[in-house]
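Subject: Structure handover

Hello,

Here is the structure for you to look over. My notes come after it.

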Amino acid sequence: MWAFLYRDCFKDYFVHKFRAMLGKNRCIYPGEKVLLAFSGGLASSSMLRQVQEGLNREAAKKLRFRPGIIYIDEGAVCGRSLDERENTCRQVEAILRATGFPYHLVFLEEAFDLPTSVLNSLSHSAAGQPPSYKEAVADFTRWQQQQQREKKRDDVATSLEDRLAECSVQGCCWQGRLAALDEAGSSLASHTQDLSRLFAGVKSLTAKEELLQTLRTHLVLHVARRNGYTKVMVGDSCTRVSIKLLTNLSLGRGAFLAMDTGFFDSRYGDVLILRPMREYPAKEIAFYNYLFGVPTIFTPGLDTKASDRASIHLLIESFLCKLQLEFPSTVSTVYRTGEKLSAVPPEAQPDVPTALASCLLCLCPLDTNVEDGSSLQATLLSEKLSQRPPAAEGCCGGGTQAGCCREPPAGRETSHLDPLLCYGCRLTVKELSCVESLPPYIHQEAERQRCRAAMKQEIQEFLLDDDA
Amino acid sequence: MPPPPAVPVLCGSCGAQRAALRRPKTGQALCRSCFAAAFEAEVHDTIVSARLFQPGETVAIGASGGKDSTVLAHVLRLLNQRHGYGLRLLLLSVDEGIAGYRDDSLAAVQRNRGRLGLPLHVVSYRELYGWSMDRIVQHTGARNNCTFCGVFRRQALDRGAVLLGADKIATGHNADDVAETILMNFLRGDVGRLQRCAEILTGGEGTLPRCKPLKHAYEKEIVLYAYFQGLDYFSTECVYAPNAYRGHVRALLKDLEAIRPSSVADLVHSGERLAIRKDVRLPVQGTCQRCGYFSSQPLCKACVLLEGLNRGLPKLAIGKTNRLQKALLEGEKPEAGLETEENSRKASWIGRTIDF
């Protein structure tokens, strides 16, 4: 009896917390399309269930948005075979189809076909919000009634052709694309090789993790825009947020902690990233999933079977979990510290019209203006001192000696992208053995930004307002 | 055919001499003179670009006898002469009163004084507070004594510098120390300190300015510099201080550095770029009603700790002290005896002013 009551109370608490989180932030309008990022993990699976509960017709104060789901298969960089990938995709599809929501099953290889607009935040300034919340409610109500009428019509006349068309919209064609990954001569197969080559050339697991996260984000953004989603939900838990705070602090991303972990992340303009699960501890999520039979899928990541010291991400995760055992308020303290951080860089005062340039990869405002007495300035000086050319009669005088300055100075290969990158992304790109392996859209956008900067330099004296 | 003899690695900078080390910061193989030149050039650049000093200033160098302060004193004297900063440099040591530990470290400072030709002044806890660290530990036990020592030492350094007429205090905090402090303050949720701990020049409101000329120097490079310059320093850890929490963070920092060598600089960069939300309430600095030192509470931490010690209840000052603060403030007025005692203590303290 007590167990039964406890179970129901826990569910009510859990479901209510999710709706309260969305309600108090008031950033999703009725009728808006929201893309749920699904990985098969505990938190994103639980998020999916919370959305289903919230959209339930019987629920009081139910959610009013229109969800879709995206799953990205990253098997190519995790060393998985085509059969393994197909099995996982089938399991994922079974879960996604059961929700009744439209879904998009994509492969990381498709990042090599992305357009440059993914990296150009200017062309995606935030769309104007509806004039009022009430008007949006009215619009949503009308849309809902229309949906119901259409549904009745569908029930009457269901034909094979209609079902095939519906199937296509739902993303059933992933089988064809999966097969193409291994098909000689197809562009997707060529992308599989490109992707493998790119990741094989990354020197550390830390940089691989960061690069993977970057490509994943770009792919999600593109799918969201192409399908009209204005919001993306990711399933970061409180524990994951705390780990990310310390990890990104250690990666030099202190300026962006609020954007990287906050409830909403607006750096991409027209698409807002939301983290509705960020107040749930990982244990609580696991408990809910176990109690209420939420299906999850384990897929190995880059770091599966790696040791605690294989990457900074793994090291921080291990450190926080162990410290939490000894000092039980560690995770919540780190989380609350993160809550007090601001997303606005200290230099960007409202009265200054100059817009800060954005990082080519993560689209955060650049944090690489060199301030007097700063760590970055000291690092640049150290690098400059180590670039000093050797004396003429130096080690190359002999001509036959190996090593010494036959190797090019470190970082020369990446220097042409550095001015466009933030501090943290420079560290990642620095560990690419071949920058040219990056997907074409990144190089194209870099070239566009360089041309635009040169253009602006030419006409600087004639500009009255800085449109960046 | 015997294998050919190994070709010695030449310095990556001058290319003339044999390389003696590989720089932790850049991974470059350097000879000892090029390394020393690079190290000194970087410290000089930090001093100039951050505008740490003004000509004519008197600077008290916090000297503990350890590697950081030893290297700091050496480099500051060297650069002061080489680049004409126009500074008057002094060595300032704090004697905590720990038998068998501080004696040896102060002996190292004495030897450095002789070598550098800088005046040395020592202030002790016993003189300032009437309590040596050994005696404090007898009363508080092994735990929590670091709290007393940390609070007392910081204030002792300020008081000593004021007595000497110094304009600034220079400490030997290096990049590893700053990175460690950023992690500590993040883990403890100390947002006020998190905002300040990455700054290279702090203070100026009711307290002497402090600066960290070695802020961007890696700890390993400081040891390398001391080694190749033949500098003598004392390196034993304090006998009372197994500081458990900081130990976790220190171990983490070493692991981070092993994975990505630039992690220390990356953390310092992060700390410099953190922005606190404007709606977050931070402590407001004021002054202590009893000793006049700067404090965000009516009574400063040192006075609260001291009161606990003097009353024979040292644990009262550990943890939340709001009730104790209130009791002390209210209790001060009616007790004329306390005031008399305070005056006599103050008089004797003035009478024993340090001669310099």
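Below are the conventions, then the sheets, the aromatic rings and the cavities.

This is a predicted model, in which local features need pLDDT of at least 70, side-chain atom pairs count only at pLDDT 80 or more, and totals for chains, interfaces and linings use all residues. Residues are numbered from 1 along each chain as its sequence is written, chains are lettered from A and ligands numbered from 1 in the order in which they are written, and side-chain values use heavy atoms, with hydrogens and water left out.

Sheets

Helices (H or I, at least four residues) and strands (E, at least two) are DSSP runs, numbered from the N terminus. Two strands pair if DSSP finds at least two bridges between them.

Chain A has an open sheet of six strands, ordered β3-β2-β1-β4-β6-β5, with mixed pairing. Its edges are β3 (103–107) and β5 (264–265); each has a single partner strand, so one side of each is left without a neighbour in the sheet. Strands β1 (residues 33–38) and β4 (residues 231–233) of chain A run parallel, joined by three bridges. Within that pairing, A:Val34 has A:Lys231 as its bridge partner in β4(A).

Chain B also has an open sheet of six strands. The order there is β5-β4-β3-β6-β8-β7, and the pairing is mixed. β5 and β7 (201–202) of chain B are at the edges, each with a single partner strand, so one side of each lacks a neighbour in the sheet. Even so, strand β5 (residues 120–124) of chain B is mostly covered, with four of its five residues buried (buried: under 20% relative accessible area; exposed: over 50%; partly exposed in between; 1.4 Å probe, protein chains only).

Strand β4 (residues 88–95) of chain B is parallel to β5(B), with five bridges between them. B:Val94 faces B:Val123 in β5(B). With helix α3 (residues 102–116) of chain B, β4(B) and β5(B) make a right-handed β-α-β unit. Right-handed means that, with the strands pointing away from the viewer, the path from the first strand over the helix to the second runs clockwise.

Aromatic rings

Over all chains there are 15 aromatic pairs. Rings of Phe, Tyr and Trp (its six-membered ring) pair if their centres lie within 6.5 Å; planes under 30 degrees apart count as stacked, over 60 as edge-to-face and the rest as tilted.

A:Tyr288 and A:Phe292 have ring centres 4.7 Å apart and planes at 45°, so this pair is tilted. Both residues are buried. They belong to one aromatic cluster, together with A:Phe10, A:Tyr13, A:Phe14, A:Tyr280 and A:Phe287.

In chain B, B:Phe148 and B:Phe152 are edge-to-face, at 6.3 Å centre to centre and 75° between the planes. They are four residues apart in helix α6 (residues 145–163) of chain B, so about one helical turn separates them. B:Phe148 is buried, at 0% relative accessible area. B:Phe152 is buried too, at 0%.

Cavities

There are five cavities of 30 Å³ or more. A cavity is a set of points, on a 1 Å grid over the protein atoms alone, where a 1.4 Å probe fits but cannot get out; lining residues have an atom within 4 Å of a point. Grid points are joined across faces, edges and corners, and a volume is the space filled by probe spheres set on the points.

The largest cavity holds about 60 Å³. Its lining includes B:Arg23, B:Lys25, B:Phe39 and B:Glu42. Helix α1 (residues 32–49) of chain B gives the most to that lining, with four residues.

Best wishes

How values were computed. 1 Å grid on protein atoms, 1.4 Å probe; cavity = no way out; pocket = protein on both sides within 12 Å on 5 of 7 lines; lining within 4 Å.
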